[in-house]
Amino acid sequence: MNNGILVFLDRDLQAAQPALKKGLALGAASGLPVTVAVNADNPAMRRAVARHGGDREGAEDKLRHAWRRRIDELADAGGTGLEVEKRISLDRDVEDDLRQTVLACRPALTVIHTSDQSTLRRHLFAPRDWMLIRHAPGAVLCVHDRPWSTPVNITVAVEPEESEDGLDRALLGAARRWGQPLGAKIDAVHVMEFPDETLILVAGEALPEYAASASNVRDYHQKALDRFAERNQLEADHAHLLEGPISHTLTDYCEEHGSDLLVVGTVRRNAFERLLLGATAEALLTRTQNDVLVVKPADFRSDWEPR
């Protein structure tokens, strides 16, 4: 069992590989081993070999060699001095390759460069970052091209009215685990959405007392956030209450405050619920330009695990 950091590379040999750069930085800061994985399957090469009767094994060996050299070049350029383990596969089944690699490495953190595909295309053809968020055990860091600032600026999205020992504590713990070795600045934010005024009028006494007015709702959420900050030794000026639609509000906040990394939680949903309602973690990937660290709840059960 590895329990280090697993980095999945983009499949373009000449790509800049921001996931590797950030994975190496985290490995150097945390002292954890780094494994670098890439699926080097090349359909164009396979077709050319089949068409001209070439040496397929020889061509695959050359691909593996080229990838080893490229990984070494990027690791040396990173300047961390880390030795990395390399896993180079030629599996045509992308999801099965991800599954096998994750289960073999059992990483504490998986890092991947997030896709630039549109939301519709992502729903129709799930990219690798969504596969990892939905199925992989453990936290997943989805990175963009933008480099981190110094110190790293981390925003943690919490729901403090939930259980004291619930996912929020794990989110802040993950931010501190990966951010503190980098000297990160960490803030917690809670986004509240007001109930529709018409709903308040219609529902009347059926609503809980705190939801009777916008002022009551705001006060309820502020007190919940204050209690969360106190329980977790977070200074009051590092805990912020925001108002508005969750995904848009978080995206705007991160952009305005220069957040490098947004930490969010996810829950297990079936495909039908996800298609209709979306998941906050997945929706954020298509809206925000900062990196997103997705943390799973303690009771998350991966369907990639052997039964």
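**Entry 1: a cavity lining**

I sorted the lining of the second largest cavity and found 10 nonpolar residues, 1 polar and no charged. My sorting counts Ala, Val, Leu, Ile, Met, Phe, Trp, Tyr, Cys and Pro as nonpolar, Asp, Glu, Lys and Arg as charged, and the others, Gly among them, as polar. The model is predicted, so to speak of a local feature I need pLDDT of at least 70, and side-chain atom pairs count only at pLDDT 80 or more, while totals for chains, interfaces and linings use all residues. I number residues from 1 along each chain as its sequence is written, and side-chain values use heavy atoms, with hydrogens and water left out.

Which residues line the second largest cavity? I listed Leu26, Leu109, Leu141, Trp148, Val152, Ile154, Trp178, Gly179, Leu182, Leu261 and Leu293. A cavity here is a set of points, on a 1 Å grid over the protein atoms alone, where a 1.4 Å probe fits but cannot get out, and lining residues have an atom within 4 Å of a point. The volume of this second largest cavity is about 60 Å³; a volume is the space filled by probe spheres set on the points, which are joined across faces, edges and corners. I counted 2 cavities of 30 Å³ or more.

**Entry 2: the cores**

Next I looked up the largest nonpolar core, which has 51 residues. Such a core is a set of buried Ala, Val, Leu, Ile, Met, Phe, Trp, Tyr and Cys residues joined through side-chain atoms within 4.5 Å. Buried means under 20% relative accessible area, exposed over 50%, and partly exposed in between (1.4 Å probe, protein chains only). Leu141, Ile154, Val156, Trp178, Val263 and Leu293 have the most contacts inside the largest core. I also found a second, separate core of 28 residues, with Trp130, Met131, Leu242 and Cys254 among them.

**Entry 3: valine 295**

Where is valine 295? I found it in strand S10, residues 291-295; helices (H or I, at least four residues) and strands (E, at least two) are DSSP runs, numbered from the N terminus. Valine 295 is buried because its relative accessibility is 8%. Leaving aside neighbours within four places in sequence, I saw valine 295 in contact (heavy atoms within 4.5 Å) with residues including Leu167, Leu171, Val263 and Thr266. Valine 140 is 155 residues away from valine 295 in sequence, yet their C-alpha atoms are 6.8 Å apart.

**Entry 4: cysteines and H10**

How many disulfides does the structure hold? I found 0, taking a disulfide as a pair of cysteine sulfur atoms within 2.5 Å. Cysteine 105 is buried at 4% relative accessible area, and cysteine 254 is buried at 1%. Cys254 sits in helix H10 (residues 246-256), where Ser247, Thr249, Leu250, Thr251 and Tyr253 are buried too. Just after H10, I noted a positive phi of about 65° at glycine 258.

Most residues other than glycine have a negative phi, and most peptide bonds are trans. I looked for exceptions.

- Glutamine 17 has a positive phi of about 60° and lies in the loop between strand S1 (5-8) and helix H1 (18-30).
- Glutamine 233 has a positive phi near 50°, in the loop between helix H9 (214-231) and strand S8 (239-243).
- The peptide bond from threonine 150 to proline 151 is cis, with omega near 0°; proline 151 is in the loop between strands S5 (139-143) and S6 (153-157).

Are these glutamines buried or exposed? Glutamine 17 is buried, at 2% relative accessible area, whereas glutamine 233 is exposed, at 66%.

Notes. On a 1 Å grid over the protein atoms alone, a cavity is a set of points where a 1.4 Å probe fits but cannot get out, and a pocket is an open set with protein on both sides within 12 Å along at least five of seven lines; lining residues have an atom within 4 Å of a point.
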